[in-house]
Amino acid sequence: MNDVELAPSEFVALLNQTLEFAYPSVIVQGELANFRVSKNRWVYFDLKDELATVRFFGSVYQLPGPLEDGMMVKVRGTPRLHPQYGFSVTTQSITPAGEGSIKKAAALLEAKLRAEGLFEPGRKRMLPYPPQHVGLVTSGESAAHRDFIKVLHARWGGVRITLVDVQVQGEAAPAQITQAIALLNQASDAPDVLVVTRGGGSADDLQAFSTEQVTRAVAASRIPTVVAIGHEIDISLAELAADMRASTPSNAAELLVPDRAHELVRLEHQKARLTQSATAFTTTQRQRLIAYITRMTHLVDASLRQTQHNLAMQKQLLTALNPQAALTRGYALVYRGKQAIRSGKQVNTGDTLRVVLADADMEVVVQKKQMKEGE
Amino acid sequence: MPKSVQKSYQDVSAELDEVLASLQNADVQVDEAVKLYERGLQLVAELEKRITQTENTITKLTLQAERAKGDS
């Protein structure tokens with residue numbers, strides 16, 4: 001083979017054949033440099049370290065999110081010699097590598113999605129409280145699943161749960177979680193709330209929940225969604241897009257349903273308050289009635305006193321007008337027979353008359369009569 | 001005027017006022033005055049009786065109300 005002469009195109013074809021056989025797939029990790037996007041479709045970049053630089057070529061559909069020069073990325077790809085443009089690695093997948101780059105990538109994606117309004121507080125919806133049917137997206141074998149179910153049932157009964165068992169980490173996780181959310185949204189017997197959850201883990205383990213795909217799926221869910229990722233320091237993007245976030249799977253269950261023991265205590269308090277209100281009401285009414293009675297009594301008393309006063313006045317007047325009173329003062333009544341005498345004209349000399357004094361009744365004879373002048 | 005068993009306090013009091021007015025009339029005859037005076041005394045006695053009855057009724061009702069208060 002050493003002596004074979006080849007045309008350039010033959011050499012390219014031979015080399016590519018050899019490379020494909022020897023390296024069907026390679027993984028290269030390095031610092032991103034000269035990153036650029038062409039026509040919104042093609043991606044060109046280099047990966048480098050202190051000694052070497054390797055060119056890469058791919059499409060925007062393989063990007064995990066926005067990338068920047070200087071980030072550490074891990075690229076899976078196929079090495080190829082291009083007939084015109086020379087050597088490059090055709091990428092199959094790109095993922096941020098190393099904690100710094102993962103954070104950086106997440107920050108860039110977060111800024112992009114935030115600008116689109118996915119995390120707006122105005123988008124958050126109220127959850128049904130308590131829900132009747134929960135769509136649970138998590139790993140069926142996980143502690144997260146067990147904890148969520150345990151706490152939910154301990155607090156509240158009768159909640160139906162539909163589990164969609166997914167991988168919550170690894171390369172397949174984002175697609176599975178996204179599909180699960182879509183599946184539950186499309187179900188004819190759809191849940192009234194979704195819970196997407198997993199326990200704690202390293203930044204790498206939790207990466208699925210900060211991917212653009214999962215974050216968009218959570219934001220797009222027609223069913224209100226809770227995202228609960230255990231014990232992390234940084235909040236995942238899916239949590240930011242969720243209608244409600246919880247710190248752990250158990251916390252999600254706590255937020256989702258009331259605690260029946262606590263509810264019973266609350267009911268007792270309400271009952272006591274109700275009784276108290278009712279008692280307060282009757283007490284107030286009784287006090288008002290007593291006030292009425294007191295006022296009425298006063299009015300009746302006043303009226304009675306006025307009546308008594310009036311009668312006393314009448315009585316005093318009557319006493320003053322007692323004809324007998326005049327007699328005690330020295331006046332006398334003069335009668336002839338039953339007729340009272342009021343004028344000398346009624347009397348002749350020699351008449352027998354009856355004179356009534358205060359303390360005596362006499363018969364007298366008129367001996368002389370003299371009319372007063374002018375009469 | 002409806003047929004009533006007893007004249008009202010007001011009516012009796014009004015009659016007493018009439019008696020007093022008649023007694024104050026200068027033209028009233030002595031015999032008449034005595035009759036009016038007697039009538040006046042009757043009316044006063046009647047009114048005093050009525051007031052006493054009313055007082056008793058009020059006292060009774062007030063006691064009932066007090067007892068009702070005590071029950072609360």
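**Two-chain model: a working chat**

Me: Where is the place of Leu327(A)?
Reply: Leu327(A) lies in helix α9 (residues 323–328) of chain A. Helices (H or I, at least four residues) and strands (E, at least two) are DSSP runs, numbered from the N terminus. The model is predicted, so local features need pLDDT of at least 70 and side-chain atom pairs count only at pLDDT 80 or more, while totals for chains, interfaces and linings use all residues. Residues are numbered from 1 along each chain as its sequence is written, and chains are lettered from A and ligands numbered from 1 in the order in which they are written.

Me: Why is Leu327(A) called partly exposed?
Reply: Leu327(A) has 16 other C-beta atoms within 10 Å, and is therefore partly exposed. A residue is buried if 20 or more other C-beta atoms lie within 10 Å of its own, exposed if 12 or fewer, and partly exposed in between, with C-beta atoms placed from the backbone.

Me: And what does Leu327(A) touch, not counting residues up to four places away?
Reply: Leu327(A) touches Ala332(A), Leu357(A) and Ala358(A). Contact requires that the C-beta atoms of two residues, placed from the backbone, lie within 7 Å.

Me: Changing topic: how many helices and strands does chain A have?
Reply: Chain A has nine helices and 14 strands. Buried residues make up 25% of its 375 residues. Among contacts in chain A between residues at least 6 apart in sequence, 63% join residues at least 24 apart.

Me: What about the secondary structure of chain B?
Reply: Chain B comes to two helices and zero strands, and 14% of its 72 residues are buried.

Me: How many residues of the two chains are in contact?
Reply: On chain A there are 18 such residues, facing 22 residues of chain B. Helix α8 (residues 260–320) gives the most to the chain A side, with 13 residues. That side divides into 11 nonpolar, five polar and two charged residues. Here Ala, Val, Leu, Ile, Met, Phe, Trp, Tyr, Cys and Pro count as nonpolar, Asp, Glu, Lys and Arg as charged, and the others, Gly among them, as polar.

Me: Which strands form the closed barrel?
Reply: The barrel of five strands runs β1-β2-β3-β5-β4 in chain A, with mixed pairing. Neighbouring strands are turned by 50° against each other on average, direction ignored. Strands pair if DSSP finds at least two bridges between them. Strands β3 (residues 53–59) and β5 (residues 86–96) of chain A run parallel and are joined by two bridges; Phe56(A) stands opposite Val89(A) in β5(A).

Me: Which helix packs on that sheet?
Reply: Helix α2 (residues 98–116) of chain A does, touching β4 (72–82) and β5, and its direction makes about 90° with that of β4(A). Axes are lines fitted to C-alpha atoms, for helices over the stretch in contact, and angles run from 0 to 180 degrees between N-to-C directions.

Me: Why is β9(A) described as largely enclosed?
Reply: Five of the five residues of strand β9 (residues 225–229) of chain A are buried, so β9(A) is largely enclosed by the rest of the structure. Thr225(A), Val227(A) and Ile229(A) lie on one side, with Val226(A) and Ala228(A) on the other. Strand β8 (residues 193–198) of chain A pairs with β9(A) in the parallel sense over five bridges, and the partner of Thr197(A) is Ala228(A).

Me: At what angle do the axes of α4 and α5 of chain A cross?
Reply: Helix α4 (residues 173–186) and helix α5 (residues 212–220) of chain A cross at roughly 10°, their axes coming within 8 Å. That makes α4(A) roughly parallel to α5(A), the term for angles under 35 degrees, whereas those over 145 count as roughly antiparallel, 65 to 115 as roughly perpendicular and the rest as oblique. The residues of this contact divide into seven nonpolar, two polar and no charged.
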